[in-house]
Amino acid sequence: MLLDALLFQLGYNAALVMIGAGLLGLAAGMAGTFLFLRKRALVSDAISHATLPGIAVAFIVMEAFGGDGRSLAGLLIGAICASALGLAAVTYLGNRTRLSEDAAIGAVLSVFFGFGIVLLTVIQAFGYGRQSGLEGFLLGSTAGMLRSDATLIAVSAALTCAIVLLMRRPLTVAAFDPGFARVSGQRPDWAEAVLMAVVLAVTVVGLKVVGLILIVALLIIPPVAARFWSDQSTHVLWISSIIGGLAGYFGAALSAIAPDLPTGPIIVLCAFGLFLVSFLFAPERGVLASVLRHFRFRRDVHMRQGLLALAQGHPIFEDLTLKLLIRAGFASADGVPTDTGRARAAKALRDEARWREVRGDPAFERAAARYDGLTDLSDVLTEDQLREVDARIGPPVGAA
Amino acid sequence: MTLELVGHSSEQDRAAPLLIRGMTVSYGEKPAVFSADMALRAGEMTAIIGPNGAGKSTLLKAALGIVTPLAGQAQFFGQTLDAVRGRLAYVPQRASVDWDFPTRVIDVVLMGLYPRLGLLGRIRGNHRDEAMGCLERVGMEAFAKRQIGQLSGGQQQRVFLARALAQKADLYLLDEPFAGVDAATEKAIITVLKSLTEAGKTVVAVHHDLATVVDYFDNVLLLATQVIAQGPVEEVFTKALLEKTYGGRLSQAVMPESAVS
Amino acid sequence: MGFEFVSLSLPPLVIGVCVAIACAVPGNFLLLRRQALIGDAISHVVLPGIVLAFVVAGSLSSVAMMIGAAVAAVFSMVAIELIRRFGRIEPGAAMGVVFTTMFAAGVLLLEQSDTDGVHLDVEHALFGNLEGLIWFDALGWASLLDPVALAGLPVELPRMFAVLVIIVVFTVVYWRPLAVMSFDEGFAQALGLRTQALGMMLVILSALAAVAAFDAVGSIIVIAMFICPPAAARLLTNQLGRQVWLSALLAAISAIIGYVLAGYGLGWLGYGASVSAAGMIATVSGVILAIAAVCGPHRRRVS
């Protein structure tokens with residue numbers, strides 16, 4: 001069943017929606033990366049919640065003028081207007097008052113959403129009830145969609161994707177290197193405006209598929225997941241868009257075989273699945289790697305400190321240190337160094353003395369920057385340099 | 001333990017206002033402080049000196065349990081931190097605080113009395129008088145009712161010091177008390193700190209202005225991730241040791257005249 | 001008039017005011033600790049908490065709901081912290097990952113589980129049903145003194161009131177630690193305050209307010225009460241104590257005006273229908289914030 005869906009065997013509409021969702025995820029993953037890098041990820045939450053009153057007003061206006069209130073294109077235009085207003089409100093509260101941006105985001109998203117709910121009940125009160133289908137915008141619904149709507153979604157997702165790809169360069173420059181952007185004659189607020197326009201486009205296109213409550217997930221989860229795989233911003237950008245695209249495509253496929261469930265949550269959980277894999281198993285930053293590295297690091301620190309204490313005849317205060325020394329055979333149970341322990345301790349002390357000399361000498365500044373209390377100096381300096389340092393500090397203390 | 005306590009860990013040290021042993025703190029994979037030992041002398045002023053990123057503030061925070069060390073211990077007056085918290089006063093970096101917070105100068109100083117007041121103890125007239133007295137000592141009594149956001153950097157620092165005074169501590173730990181303050185404030189602060197040591201209190205401050213070390217402090221601790229040296233100013237504040245501490249980062253221009261050569 | 005008011009309007013009004021104040025008071029500290037969006041996150045994760053409690057306990061008893069929501073809130077905070085630490089990711093983005101996922105999981109769990117016969121659905125979770133909390137046993141003002149009639153009060157009322165009392169007592173007792181911690185966390189820790197535990201307590205209480213409010217006003221509107229009244233109050237005063245009082249007052253005003261407008265607003269325009277009270281309350285709180293943002297005496301940063 002799922003395989004059928006993935007291979008576009010579930011009908012033309014479903015295929016269109018899946019392609020649309022995939023492209024949407026791609027665009028969202030990319031736009032989201034820029035938002036994420038500018039630390040404004042949650043602004044998109046305000047934008048998406050702010051669409052609700054716009055959708056409702058558009059419905060009312062279209063009905064009042066005798067048209068079909070459910071026209072997707074009309075509703076989306078309403079959504080754009082309202083979310084632009086919401087964005088303006090966030091900007092005003094954040095810049096012109098003492099409120100921080102997160103407070104502004106929370107205020108705007110809740111108030112606009114609340115007002116949207118008021119308008120929805122107004123629509124119900126005038127007798128349209130559930131036939132308006134506006135509830136589908138909350139959590140996304142792709143079941144029983146009109147051919148024209150599916151086409152609209154696929155086409156607008158493709159357009160959004162194209163726009164993000166086209167604007168990739170200026171956005172990258174503005175996000176990673178604002179100084180350069182200014183020097184090269186690019187206005188930073190212009191890039192900001194382009195970014196917000198793209199985010200708005202993603203949000204509005206995603207309304208029908210993912211829903212306005214959860215569309216923010218498609219903008220946030222992919223870049224955060226991608227961050228675990230790479231430190232390099234351009235890589236993050238591509239990984240993020242791939243993750244977003246996969247989540248959209250798989251989610252829409254799953255949703256096609258479970259038409260009773262809202263589409264949005266399924267897509268979000270797909271994205272989260274990819275995030276979870278990244279979070280746990282990414283080679284550098286993943287939890288597994290980090291935890292292992294931390295324990296190794298802590299062990300190294302205690303071992304080094306223990307050896308230094310042995311070498312200088314200081315008592316060892318910490319149980320963990322003593323345990324490690326005993327286990328390595330460097331000390332006996334009562335803290336007395338063994339012969340191997342004494343030799344290793346002398347070596348550690350010697351290394352420490354070398355480091356001190358290196359770090360105090362401006363000529364070795366590059367090497368000194370690599371000091372972390374653990375690295376052997378012999379890994380950092382050449383043989384000749386090492387000999388020079390040794391010559392300065394004299395023969396090892398107590399060396400045979 | 002069969003090992004005898006040697007050298008650095010004497011009887012006198014063990015009752016020191018602050019004794020740090022083997023303190024290692026790391027943010028991520030690189031230690032900010034590595035295996036630092038430190039002992040403060042009671043009734044004297046000690047400066048912690050070192051280049052940017054040498055772990056000066058981190059060392060204080062680790063001693064106070066604000067950051068968790070990877071290894072190492074801190075003792076205050078020969079006891080654990082929790083046993084003697086009431087005898088300590090900590091003055092954080094001015095920049096670590098949101099000065100837009102809705103509160104007045106006098107309210108900040110009263111925070112120094114909270115440990116004595118408890119959760120619900122009423123603030124009485126004598127408490128307010130005490131807080132005002134602390135403000136007077138730093139020359140800020142006229143600003144008691146001011147909003148804290150309206151203060152200059154130097155005034156903010158003085159308010160922080162007044163709050164510490166209100167704690168009536170025996171050991172004062174200050175993080176960069178002279179950073180970004182005007183000359184008048186610097187003078188006011190050092191006067192107060194000197195009066196504290198004259199009254200037998202102990203002061204330790206993270207400090208960055210090498211030019212004033214000799215005038216202000218009795219002891220220095222030179223820190224560059226590791227402790228390079230510690231002791232009385234006249235012994236430790238030397239050109240050679242400073243160069244060791246700062247490495248290439250200490251140009252001849254900033255080498256103070258006052259450094260013992 | 002008396003009968004109708006006491007039976008139909010009084011309970012929702014009182015519940016609305018309790019909800020508003022219960023959310024606004026902790027909201028002040030969330031706002032000052034720059035954690036305003038934690039209110040947002042909490043109100044989203046309350047849903048999976050409640051659904052899970054329902055699946056586990058098999059019923060919607062208030063105790064199970066409270067525990068479920070508190071567990072979900074704490075779990076989400078821990079998850080956010082883990083993502084932030086390990087990935088070195090800014091808190092906003094980490095929050096976005098966690099609360100959207102948990103909300104999505106809650107929605108799917110809700111759709112999958114057999115909740116027929118229990119009024120628990122997504123729209124209810126979002127909008128609430130303040131108007132539906134009617135006191136059937138009330139015959140008039142005298143019923144307020146009649147123990148038999150009082151026993152028939154909507155169960156949400158005493159529940160919400162109890163939560164409000166808990167929150168107010170906590171705030172009063174822990175006023176000083178909360179104030180010190182919000183202003184200067186390092187100093188608070190040096191005093192020996194367990195700021196992490198206290199911060200978590202604040203989150204749990206906020207979750208309590210959110211879950212108790214959930215039934216009446218729905219989860220999204222809770223965010224409005226967490227943020228709008230404290231934010232407006234911050235723009236009106238420069239003193240913490242006054243800010244908290246003022247935020248409670250503004251929250252109550254929002255609840256009352258919002259409820260009245262929702263019930264009678266369309267009627268005044270000549271239509272005989274009412275609109276969502278929860279939505280209207282959020283809207284009114286937004287209008288109050290907008291006014292404060294344009295002409296509040298302390299709306300600007302000093303520097």
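Helices (H or I, at least four residues) and strands (E, at least two) are DSSP runs, numbered from the N terminus. The structure is a predicted model, in which local features need pLDDT of at least 70, side-chain atom pairs count only at pLDDT 80 or more, and totals for chains, interfaces and linings use all residues. Residues are numbered from 1 along each chain as its sequence is written, while chains are lettered from A and ligands numbered from 1 in the order in which they are written.

**View 1. Confidence in the complex and in chain C.** The predictor assigns the complex an ipTM of 0.91 and a pTM of 0.88. The mean pLDDT (the predictor's confidence in each residue, from 0 to 100) of chain C is 86, and 95% of the residues score at least 70. Within chain C, helix α8 (residues 175-183) has the highest confidence, at 95, and α5(C) the lowest, at a mean of 71. Where pLDDT is low, the predicted coordinates should not be read in detail.

**View 2. Two non-glycine residues of chain B with positive phi.** Chain B has eleven helices and nine strands. Phe77(B) lies in the loop between β4 (71-75) and α3 (81-84) of chain B; although not a glycine, Phe77(B) has a positive phi of about 50°. A residue is buried if 20 or more other C-beta atoms lie within 10 Å of its own, exposed if 12 or fewer, and partly exposed in between, with C-beta atoms placed from the backbone. Phe77(B) is partly exposed because 19 other C-beta atoms lie within 10 Å. Glu176(B), in the loop between β6 (171-175) and α8 (183-198) of chain B, also is not a glycine and has a positive phi of about 50°. Glu176(B) has 23 C-beta neighbours inside 10 Å and therefore counts as buried. Of the 261 residues of chain B, 49% count as buried.

**View 3. Surroundings of Pro31(B).** Pro31(B) belongs to strand β2 (residues 30-39) of chain B and counts as buried because it has 26 C-beta neighbours inside 10 Å. Two residues are in contact if their C-beta atoms, placed from the backbone, lie within 7 Å. Leaving aside neighbours within four places in sequence, Pro31(B) is in contact with Val301(A), Asp372(A) and Gly373(A) of chain A, and with Thr24(B), Val25(B), Ser26(B) and Thr225(B) of chain B. The C-alpha atoms of Pro31(B) and Ala54(B) are 9.8 Å apart in space, and the two residues are 23 apart in sequence. Among contacts in chain B between residues at least 6 apart in sequence, 67% join residues at least 24 apart.

**View 4. Packing of α7(B) and α8(B).** Two packed helices are described by the angle between their axes and the distance between the axes. Axes are lines fitted to C-alpha atoms, for helices over the stretch in contact, and angles run from 0 to 180 degrees between N-to-C directions. Helix α7 (residues 153-166) of chain B packs against α8(B) at an angle of about 15°, with the axes 9 Å apart. The helices α7(B) and α8(B) are therefore roughly parallel (angles under 35 degrees count as roughly parallel, over 145 as roughly antiparallel, 65 to 115 as roughly perpendicular and the rest as oblique). Their crossing is left-handed, a term used if the near helix is turned anticlockwise from the far one by less than a right angle, with right-handed used if clockwise. Gly154(B), Gln157(B), Arg158(B) and Leu161(B) of α7(B) meet Ala184(B), Thr185(B), Ala188(B), Ile189(B) and Val192(B) of α8(B). By class, this contact has five nonpolar, three polar and one charged residues; Ala, Val, Leu, Ile, Met, Phe, Trp, Tyr, Cys and Pro count as nonpolar, Asp, Glu, Lys and Arg as charged, and the others, Gly among them, as polar.

**View 5. Packing of α2(A) and α8(A).** The axes of helix α2 (residues 12-37) and helix α8 (residues 147-166) of chain A come within 8 Å and cross at roughly 25°. This angle makes α2(A) roughly parallel to α8(A), and the crossing is left-handed. Residues in contact include Leu16(A), Gly20(A) and Leu23(A) of α2(A), and Arg147(A), Ala150(A) and Ala154(A) of α8(A). The contact comprises 16 nonpolar, four polar and one charged residues.

View 6. The contact between chains C and A joins 51 residues of chain C to 49 residues of chain A. On the side of chain C that touches chain A, α4(C) gives the most, with twelve residues. That side divides into 31 nonpolar, eleven polar and nine charged residues. The contact between chains B and C takes 23 residues from chain B and 21 residues from chain C. On the side of chain B that touches chain C, β5 (88-91) and α5 (114-117) of chain B each supply at least two residues.
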